[in-house]
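The sequence and the model are shown first, and the description follows.

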Amino acid sequence: MKEKNLLAELAAYLFSHSDKETGRTPSERELAEHFGVSRGQIREALAILEAMRIVERRAKSGIYIDTKQASVEALALFARAGLPLDPLQIYETVELRKIHEIKAAELACSRATEENFERLREILRASEERIAAGEGLAKEDREFHLEIVRATKNSVFHNICSVYYLMGEQRLPIYFNDPERSVRSHAEHVQIYEALLRRDGNLAQALMSAHLQGAESYWKGLIEGGMAAIPPSPALEKA
């Protein structure tokens with residue numbers, strides 16, 4: 001089993017098989033038997049989950065799960081595994097994403113190359129085709145925003161922002177089920193692209209802020225409405 005698959009499936013299994021009161025999970029031996037891997041592999045996976053602040057291993061006591069202090073990377077892992085995410089943590093992450101992407105728009109104005117602009121044009125053309133076909137823009141939206149972050153020429157910046165989209169990859173198709181939302185989002189993307197092309201950092205930041213306000217309002221509405229269920233992933237169904 002590949003490490004990434006084991007991590008996601010292990011997280012899902014621990015979450016669904018932990019004691020509801022204490023958070024205590026099955027032992028290393030039981031986990032190794034369930035997944036058909038060695039205890040060493042389970043130990044290594046648990047070490048990663050502990051670094052993500054998902055589990056705590058207590059000497060002579062056992063393994064305990066605690067998602068309250070989970071890192072952003074852990075939240076992305078939860079999303080991929082189909083685990084329920086804490087609504088407040090989601091909203092706070094969306095808020096953080098907004099701050100990062102507004103700054104990315106400013107930096108991209110001075111650092112973007114013709115290669116970045118050509119890629120943005122390709123994404124916008126693909127968006128027009130998807131809208132004409134009556135399809136949503138989940139893929140194109142992610143690609144557009146991450147290309148702007150890529151244009152900052154800061155790989156750490158890009159890695160951080162990529163995590164935000166991993167967290168929302170199951171929700172984005174639902175968000176863009178509304179044809180009007182896709183049309184509006186595309187029009188705003190075109191405006192942002194034109195500001196970037198003119199190297200107008202102030203305008204690009206203002207347009208990005210207004211654009212992301214829609215996503216922020218959407219998540220706030222979901223949280224206040226009790227979070228509509230996200231379909232579980234295969235990892236969670238197997239758990």
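H186 touches L124, S127, E128, I131 and L137, leaving out residues up to four places away in sequence. This histidine is placed in helix α10, and H186 counts as buried because its relative accessibility is 10%, under the 20% cut-off. The model in which these contacts occur is a predicted one.

**Overall organisation**

The secondary structure of the protein amounts to 12 helices and 2 strands. Read from the N terminus, the order of the elements is α-α-α-β-β-α-α-α-α-α-α-α-α-α. The protein has 239 residues, of which 45% count as buried. Among the contacts between residues at least 6 apart in sequence, 68% join residues at least 24 apart.

**The packing of α6 and α7**

Two packed helices are described by the angle between their axes and the distance between the axes. Helix α6, residues 114-132, and helix α7, residues 138-150, pack at an angle of about 170°, and their axes are 10 Å apart. The two helices are therefore roughly antiparallel, since an angle over 145 degrees counts as such. On the side of α6, the residues that meet α7 are N116, R119, L120, I123, L124, A126, S127 and R130; on the side of α7, they are E140, E143, F144, E147, I148 and R150. The residues of this contact divide into 6 nonpolar, 2 polar and 6 charged.

**The nonpolar cores**

The largest nonpolar core holds 37 residues, and the members that touch the most others are L120, F144, I148, L196 and M208. At least two residues of this core come from each of α5 (87-111), α6, α7, α8 (155-167), α9 (172-175), α10 (179-197) and α11 (201-224). The most is given by α5, with 8 residues. Another core lies apart from this one; it has 27 residues, including L6, A8, Y13 and V37.

What does I148 contact, when its neighbours within four places in sequence are left aside? The partners of I148 are A104, A105, A108, L120, I192, L196 and M208.

A204 is buried, because its relative accessible area is 0%. Not counting residues up to four places away in sequence, A204 touches A105, C109, A195 and L196. The C-alpha atoms of A204 and L107 are separated by 9.7 Å, although the two residues are 97 residues apart along the chain.

**Aromatic pairs**

A search of the whole structure finds 3 aromatic pairs. Two of them are listed below.

| Pair | Arrangement | Centre to centre | Angle between planes |
|---|---|---|---|
| F117 and Y193 | edge-to-face | 6.3 Å | 80° |
| Y175 and F176 | edge-to-face | 4.9 Å | 90° |

The pair of F117 and Y193 links distant parts of the chain: F117 belongs to helix α6 and Y193 to helix α10, and 76 residues separate them. F117 is buried, because its relative accessible area is 3%. Y193 also counts as buried, because its relative accessibility is 9%. In the other pair, Y175 and F176 are both buried.

**Loop residues with positive phi**

Most residues other than glycine have a negative phi. Which value does the phi of K153 take? The phi of K153 is positive, at about 65°, although K153 is not a glycine. K153 lies in the loop between α7 and α8. K153 counts as partly exposed, because its relative accessibility is 48%, which falls between the limits of 20% and 50%.

R199 is likewise a residue other than glycine with a positive phi, near 60°. The place of R199 is the loop between α10 and α11. R199 is partly exposed, because its relative accessible area is 40%.

Note on methods
Residues are numbered from 1 along each chain as its sequence is written. This is a predicted model: local features need pLDDT of at least 70, side-chain atom pairs count only at pLDDT 80 or more; totals for chains, interfaces and linings use all residues. Side-chain values use heavy atoms; hydrogens and water are left out. Axes are lines fitted to C-alpha atoms, for helices over the stretch in contact, and angles run from 0 to 180 degrees between N-to-C directions. Helices (H or I, at least four residues) and strands (E, at least two) are DSSP runs, numbered from the N terminus. Angles under 35 degrees count as roughly parallel, over 145 as roughly antiparallel, 65 to 115 as roughly perpendicular and the rest as oblique. Contact means heavy atoms within 4.5 Å. Ala, Val, Leu, Ile, Met, Phe, Trp, Tyr, Cys and Pro count as nonpolar, Asp, Glu, Lys and Arg as charged, and the others, Gly among them, as polar. A nonpolar core is a set of buried Ala, Val, Leu, Ile, Met, Phe, Trp, Tyr and Cys residues joined through side-chain atoms within 4.5 Å. Buried means under 20% relative accessible area, exposed over 50%, partly exposed in between (1.4 Å probe, protein chains only). Rings of Phe, Tyr and Trp (its six-membered ring) pair if their centres lie within 6.5 Å; planes under 30 degrees apart count as stacked, over 60 as edge-to-face and the rest as tilted.
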